[in-house]
Amino acid sequence: MAFSVVNRVGSSAIKSVSAALRIRSYAKVSTGTDIISAASNVSLQKARTWDEGVASKFSTTPIKDIFKDKKVVIFGLPGAYTGVCSNKHVPSYKDNIDKFKAKGIDSVICVSINDPYTMSAWAEKLQAKDAIEFYGDFDGSFHKSLELVTDLSGALLGIRPQRWSAYVVDGKVKALNVEDAPSDVKVSGADTILGQI
């Protein structure tokens, strides 16, 4: 009960902040964009524990390795452990993973401006780590290169990704959906992107 009240209050707070700041960003990325070129010098950090990070010498994954010669569904969200992200956005993909695989999707990826250790713990908590690949964009360089960022400082979140989803084939964006508000999951959920594949 207390969680649902906090969740509703948090969602209301983000809507209020967005409205007050008149946040409406337009992405540089669009249908037809080559993500590999748009984010050519960017790497993401695969979700992992601290010990796994140390063992890998804090390795990162270049964008080309994620998208080249693959069919990928990727979705970005404001942050790990936040209400709408945890209760609606990620579950919509987790619950439909078999449908994505049936359509030939090589990987479904969740990315946010968080460190990979937080993303790993959150994926474990959501029991989604086996279905979805989680990546951290620890410094926001991926989202900034695509101009998919928004300022949620009013909700004490700072610069965060917009809520979005894309269907990408060999690095080329075939479909892109960006929400008007960070608290919405109207066009960026799994059902929408499944219909676009």
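## Salt bridges in a predicted model

Lys186 forms a salt bridge with Asp184, their closest N and O atoms lying 3.8 Å apart, where a salt bridge is a side-chain nitrogen of Lys or Arg within 4 Å of a carboxyl oxygen of Asp or Glu. By this rule the count comes to four salt bridges. This is a predicted model, in which local features need pLDDT of at least 70 and side-chain atom pairs count only at pLDDT 80 or more, while totals for chains, interfaces and linings use all residues. Residues are numbered from 1 along each chain as its sequence is written, and side-chain values use heavy atoms, with hydrogens and water left out.

**Lys186 and Asp184**
- Lys186 counts as exposed at 64% relative accessibility, whereas Asp184, at 12%, counts as buried (buried means under 20% relative accessible area, exposed over 50%, and partly exposed in between, with a 1.4 Å probe and protein chains only).

**Asp34 and Lys172**
- The side chains of Asp34 and Lys172 meet in a salt bridge, with 3.4 Å from N to O.
- Asp34 lies in the loop between helix H1 (2-21) and helix H2 (35-38) and Lys172 in strand E9 (residues 172-178), so this pair ties together parts that are 138 residues apart in sequence; helices (H or I, at least four residues) and strands (E, at least two) are DSSP runs, numbered from the N terminus.
- Asp34 is partly exposed at 22% relative accessibility, and Lys172 is partly exposed at 35%.

**Lys46 and Glu133**
- A salt bridge of 3.5 Å, N to O, joins the side chains of Lys46 and Glu133.
- This pair links distant parts of the chain, with Lys46 in strand E1 (residues 43-46) and Glu133 in strand E5 (residues 133-136), 87 residues apart.
- Lys46 counts as partly exposed at 35% relative accessibility, and Glu133 counts as partly exposed at 26%.
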